[in-house]
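Visitor: I'd like to go through this one term by term. Can you show me the structure, and I'll ask where the labels come from?

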Amino acid sequence: TTTTTKLTTSSGDILLDGNNGLFLKGANLTFKGWIPMGMVIFGQQSTPAFGVAENLWGYRSIEKTIMDMRGIAQSSDLGIMAKGAIDNDHNYNYSVFISNGNGAKLESDKFKKLTLEANGALLDKHLLVDVYYDVMGLNDTANQSTIHVALGYTSDMFTLGGEWFTQTQKGASSVTPGNDATPTGFSVFARGTIVKNQLMAFARYDSFDPDSKASGTTTSQAADWKEGFITAGLDWQPDQTVNAHVIPNIWIDNFSDKSGKITGRDGVTVGRMTFAYKF
């Protein structure tokens, strides 16, 4: 007797027949010259939500930046973007994006997402500043908006950076139904060179509150807990002719109860070894 087990749900990475899935993250057309010192892009494309922060952090192989990690915004979306510089040296840049707001998924509602982003490089391009805003669903029953700021100082030997965000989800509170939910978080990080072209070190701390307006209950809902995330490690490049990195690192995740009345949610500590190759 042969028994065949079939999947009843799909994770997106694995299809219902058990094969690996494939999704389209980028497929677009770019038109240059339509706007001064800029371009217009149509199609599935990268959003301006994480670009500056991800470059400052520099360790996507270890973990996503905080907004990407927490699902606050999409890294790719279908829409129309105008982006460009406002000075000849391209120190000050902007993006305006109108999109579906569903990431790589098919459109499921009539609402569109407006994203505005501006960034600047100061102090001979050592100080980077990025300001981001988006809004989705302009009516009384479905409204979501996000504010995000990233800031960093970078040099040949080290980088210091941080980012902060808050999002208002109208009527989405799980603690008090009908009230707004406000996920909020910040991240601070540093990376630096120990031995040039051979060994670097990095560290990062995140604080995330899934609903900063919720003070906590005794029902052990997700909004009752604030989460702290720490990662740190060494980055070793054993061969300078190959852009391959061996990165021993650690994850520490802990939770604090906002009500002071719930116990039993343990933290997690994981030692990891990451291999990263950059094309």
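Guide: Let's start with the second largest pocket, whose lining has five nonpolar, nine polar and four charged residues. Nonpolar here covers Ala, Val, Leu, Ile, Met, Phe, Trp, Tyr, Cys and Pro, charged covers Asp, Glu, Lys and Arg, and the others, Gly among them, count as polar. Keep in mind that this is a predicted model, where local features need pLDDT of at least 70, side-chain atom pairs need 80 or more, and totals for chains, interfaces and linings use all residues. Residues are numbered from 1 along each chain as its sequence is written, and side-chain values use heavy atoms, with hydrogens and water left out.

Visitor: What makes a residue part of the lining of a pocket?

Guide: On a 1 Å grid over the protein atoms alone, a pocket is an open set of points where a 1.4 Å probe fits, with protein on both sides within 12 Å along at least five of seven lines, and a lining residue has an atom within 4 Å of a point. For the second largest pocket 18 residues line it, and Asp-156, Thr-193, Lys-196, Asn-197 and Met-200 lie nearest its centre. Strands β8 (158-169), β9 and β10 each give two or more residues to that lining, with β9 giving the largest share, four.

Visitor: Why is Asp-211 called buried?

Guide: Buried means under 20% relative accessible area (1.4 Å probe, protein chains only). Asp-211 has 3%, so it is buried. Asp-211 sits in the loop between β10 (199-209) and β11 (225-236).

Visitor: What makes the approach of the Asp-211 side chain to Thr-182 a polar contact?

Guide: A polar contact is a pair of N or O atoms within 3.5 Å; within protein, one must be able to donate a hydrogen and the other to accept it, and residues adjacent in sequence count only if both atoms are side-chain atoms. The Asp-211 side chain reaches the backbone nitrogen of Thr-182 at 3.0 Å, so the distance is within the cut-off.

Visitor: How do you know that β5 and β6 pair?

Guide: Strands are DSSP runs of E, at least two residues, numbered from the N terminus, and two of them pair if DSSP finds at least two bridges between them. Antiparallel β5 (residues 113-122) and β6 (residues 127-136) have ten bridges, so they pair. One example is Asn-119, whose bridge partner in β6 is Asp-130. Ten bridges also join β6 to antiparallel β7 (residues 144-154), where Val-149 partners Val-131.

How values were computed:
Buried < 20%, exposed > 50% of the residue type's maximum accessible area, 1.4 Å probe, protein only.
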